[in-house]
Each structure stands twice: as structure tokens, then as C-alpha cells.
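Open the model in your viewer and keep the selection tool ready. We will go from one stop to the next.

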Amino acid sequence: MDKKQGQLVVVTDFDGTLMHEDVGAMLMRELGVEEKPETKGMLAKFLNKEIGSREWIHESYGQLAGRQQEVNAIADRVSLREGAEKFLDFCKSGGIPVTILSDGMEYYIHRILKRFGVEVDRIIANPIQYDEQGNYTLQVQNKNGACSWCGCCKAGVVRSLKAQGYRVIYIGDGSSDIYGSGFADWVFARSSLARYLEQEQIPFYPFATFHDVMEVLEPQLEKFHNGQADQRSEIPHAFCKFAAE
């Protein structure tokens, strides 16, 4: 995306946000990964926040080598969250760039979006891929030298957008979104992200579908563009660490 001072951008999570389902969790559950002895204990630690997603990703997604067809079968039956296509069309027609920011697997994100014929301006996710020969690559996106907790450093991405002068609308649902949303101007939240923000008394817009997002954004679009929309908030999570710039 070209740098434009004050331009409005949307950053949206993928699993459980743009998608109705958490695709990564489905893969781990339906392919039996989370029940394997070598991963079961680590999953408990991850859910209890004793380890971050980066460690969990290396262990869990490491189990998917050679299982491309099984991954495809699951990815090919998930659905976009209600209203998502209309919302993305609205952003495109209004010149609002959209970034998908995910701590999941880049491979299934591209596959799913292609199936639905959906395009966004940018996809940032963990570079976990099958190539044309079925060879498997497992890497994470995190380039934050000060913190290796998350596979994809969502906070780092949003901080970069803010440093370039963008106004950021963040849409998310999960634990990794707690960190990314903390640097955004406005937050639309559901599920565990909404519960966290409510507990911390941090302003946000609740949503269940993207129709809910549209109901807030469309009539106030000019106010979002000029930074005057209600519930503007930038409250970084205390856990986030970054190398000196």
C-alpha cells in the first residue's frame, strides 16, 4: 500500500473474524493434532497462556507435513462470516485498503479467498505453505527482535501502519488480536477480544456479523476518515515489547 497521511485502512483477523469458523482450530481438531501426546500438553499450556502462539505453531503445524489433501478438504467447506463480502466490496468502492492479518496458515487463507472470489489489498500471515509438488514449508511471520511470543506479530504490523500515518480500524476476535488492536484507532471486537476489552474498560464496537460493522461504519464514514468517529482508542497491551527503533 502507498503511504497516505491520514488515510483510513482496515485490518481484519481471518480465523473467527472474516471467517465464520476458526480454520486453524478446525485443522488441529479434525486432523487429530491436538489429541496427540506430543501436542496435547503444549495445547494446554498455550490455552493457559504459559506459552505463545509461536511455540504452539511450530509444534502443531509441524504435524501437517504430507497432509495437503486433508487440509484442502477442510478449507473447502468453511464459510465467510455473514456480510463479509458486502463489507469488502464497500471498502473497495470507497478506496479503503484492507489487510488480512492472521496468526494462521497463509496457505489456507489464499485457497479460501480464491474459492470465494474475494480479493484484499494485502495478506500478512505465517508463511506456512505447500508447493506444487506438495513439499511443506513451516515458518512464522514474526520479525520482532524483542518478542517471540506470537507467530505473527500483529502489534508490529499495526504500529508500522500508524507510523506511516494511517488511521487504522481493527476487526478481530481472539487472543492475538488483543495485541494488534492495542495500537489501532478503532476496534470492532467479538468473542474473547470483546471480553478482554470490556474487562479492561477499553472502548470498542461489538459485532457479530459484518452487517453490524457496516451499520456503524457506513453512516459515519466521513467521521472515520477525518478521525472524529466515536470510541477512538489506542491503548497498547502492557505485554507487548519492541526493539528500540
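Helices and strands here are DSSP runs: a helix has at least four residues, a strand at least two, and both are numbered from the N terminus. Keep in mind that this is a predicted model.

**Stop 1: Gln63.** Select Gln63. It sits in the loop between H4 and helix H5 (68–75). Is Gln63 buried or exposed? Buried means under 20% relative accessible area. Gln63 has 16% relative accessibility, so it counts as buried. Now show what touches it. Leaving out residues up to four places away in sequence, Gln63 touches Val33, Lys36, Glu38 and Thr39. Gln63 and Tyr166 are 103 residues apart in sequence, and their C-alpha atoms are 38 Å apart in space.

**Stop 2: the sheet.** Switch to a cartoon view. Look for an open sheet of six strands, in the order E3-E2-E1-E6-E7-E8. The pairing is parallel. Strands of a sheet pair through backbone hydrogen bonds. Which strands are at the edges? Select strand E3 (122–126) and strand E8 (205–206): each pairs on one side only. Zoom in on E8 and strand E7 (residues 186–189). These two pair in the parallel sense over two bridges. Pick Ala189, and you will find its bridge partner in E8, Pro206.

**Stop 3: a helix across the strands.** Select helix H11 (residues 210–217). H11 lies across strand E1 (8–12), strand E6 (167–172), E7 and E8. Against E6, H11 runs at about 155 degrees.

**Stop 4: Gln141.** Select Gln141, in the loop between strand E5 (136–137) and helix H8 (154–163). Gln141 is buried, because its relative accessible area is 17%. Show its contacts, skipping neighbours within four places in sequence. They are Ile124, Ala125, Asn126, Pro127, Gly151, Cys152 and Cys153.

**Stop 5: the largest pocket.** The largest pocket holds about 860 Å³ of space. It is lined by 33 residues, and those closest to its centre are Asp22, Phe46, Leu47, Trp56 and Ser175. Colour the elements that give two or more residues to the lining, including helix H2 (23–30), helix H3 (37–47) and strand E2 (98–105). Which element gives the largest share of the lining? Select H9: the largest share, five residues, comes from there. Finally, colour the lining by class.

Key
Residues are numbered from 1 along each chain as its sequence is written. This is a predicted model: local features need pLDDT of at least 70, side-chain atom pairs count only at pLDDT 80 or more; totals for chains, interfaces and linings use all residues. Side-chain values use heavy atoms; hydrogens and water are left out. Buried means under 20% relative accessible area, exposed over 50%, partly exposed in between (1.4 Å probe, protein chains only). Contact means heavy atoms within 4.5 Å. On a 1 Å grid over the protein atoms alone, a cavity is a set of points where a 1.4 Å probe fits but cannot get out, and a pocket is an open set with protein on both sides within 12 Å along at least five of seven lines; lining residues have an atom within 4 Å of a point. Grid points are joined across faces, edges and corners, and a volume is the space filled by probe spheres set on the points. Two strands pair if DSSP finds at least two bridges between them. Axes are lines fitted to C-alpha atoms, for helices over the stretch in contact, and angles run from 0 to 180 degrees between N-to-C directions.
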